[in-house]
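Here is a short briefing on one protein model. Please read it alongside the sequence and the coordinates.

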Amino acid sequence: MDTAKFKIKLEEELRRLESQLSQVATKSSGSSDWEPSLPDLNNQSSAPEDMADKFEELENNVASEVELESKLIRIQTALKGIESGTYGTCTVCGKEIPIARLEADPSAITCTEHANS
Ligand SMILES: [Zn+2]
């Protein structure tokens, strides 16, 4: 299989996700994990509605961070598969993933049947 074009797409997507993640999260030092950015709660204003805003911002950051990081992990898994030569085979049953499915989502690591596994 021609994995080169999928690799390019995956690397583009990886960069895009990392830049999105950097808006809502910070990469923890010494690991590849991301942590949601904490809004500054120690500023001068302590009005309750300001605090509510801050907590809402935090909740949104956490939700985006979780979603983006799970996409990022899928892409990293797919890229590892390209390196080890397992890319394009289902991680559940080992069958080939249809090219059309990979074209639609290069980070797919399961066949259509196991899409929700
Ligand atoms: Zn499968």
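An unreviewed UniProt entry places "domain: Zinc finger DksA/TraR C4-type" at residues 85–113. UniProt positions follow the numbering used here, feature names are shortened, and annotations may be inferred rather than shown by experiment. The model is predicted: local features need pLDDT of at least 70, side-chain atom pairs count only at pLDDT 80 or more, and totals for chains, interfaces and linings use all residues. Residues are numbered from 1 along each chain as its sequence is written.

**Annotated regions**
- Over residues 85–113 the chain is 21% helix and 0% strand. The end C-alpha atoms of that stretch are 21 Å apart.
- The unreviewed UniProt entry also gives "zinc finger region: dksA C4-type", covering residues 90–114.
- Residues 90–114 are 24% helix and 0% strand, with end C-alpha atoms 8 Å apart.

**Overall layout**
- The protein chain has three helices and two strands. Helices (H or I, at least four residues) and strands (E, at least two) are DSSP runs, numbered from the N terminus.
- The order from the N terminus is α-β-β-α-α.
- The radius of gyration is 18 Å, well over the 13 Å from the globule rule for 117 residues, so the protein chain is more spread out than a compact globule. That radius is taken over C-alpha atoms, and the rule is 2.2 Å times the number of residues to the power 0.38.
- Along the principal axes, the C-alpha atoms fill a box of roughly 60 × 30 × 20 Å.
- Of the 117 residues, 20% count as buried. Buried means 20 or more other C-beta atoms within 10 Å of the residue's own, exposed means 12 or fewer, and partly exposed lies in between; C-beta atoms are placed from the backbone.
- Among contacts between residues at least 6 apart in sequence, 54% join residues at least 24 apart. A contact needs C-beta atoms, placed from the backbone, within 7 Å.

**Helix H1**
- H1 has 21 residues and reaches 31 Å between its first and last C-alpha, close to the 30 Å expected at 1.5 Å a residue. The expected span is 1.5 Å times one less than the number of residues.
- Its buried residues are Phe6, Leu10, Leu17, Leu21 and Val24. They cover an arc of only 50 degrees around the axis, which puts them on the same side of H1. The arc is that of the directions from the helix axis to the C-beta atoms.
- The face of H1 turned away from the buried side carries exposed residues, including Lys5, Glu12 and Arg15.
- Cover for the buried residues of H1 includes E1, E2, H2 and helix H3 (99–104).
- Leu21 touches Trp34, Glu65, Leu68, Glu69 and Leu72, leaving aside residues up to four places away in sequence.

**Helix H2**
- The 37 residues of H2 (residues 48–84) should span 54 Å, and the end C-alpha atoms are 53 Å apart, which agrees.
- Glu65, Leu68, Leu72, Ile75, Ala78 and Leu79 are the buried residues of H2. What covers them includes helix H1 (4–24), strand E1 (25–27) and strand E2 (34–36).
- Asp50 sits in H2. Asp50 counts as partly exposed, because it has 13 C-beta neighbours inside 10 Å.
- Gly85 follows H2, with a positive phi near 85 degrees.

**Nonpolar core**
- The largest nonpolar core has 19 residues. H1 and H2 are the elements that give two or more residues to this core.
- Such a core is a set of buried Ala, Val, Leu, Ile, Met, Phe, Trp, Tyr and Cys residues joined through C-beta atoms within 7 Å.
- Residues with the most contacts inside the core include Leu10, Leu17, Leu72 and Ile97.

Definitions and conventions: Two residues are in contact if their C-beta atoms, placed from the backbone, lie within 7 Å.
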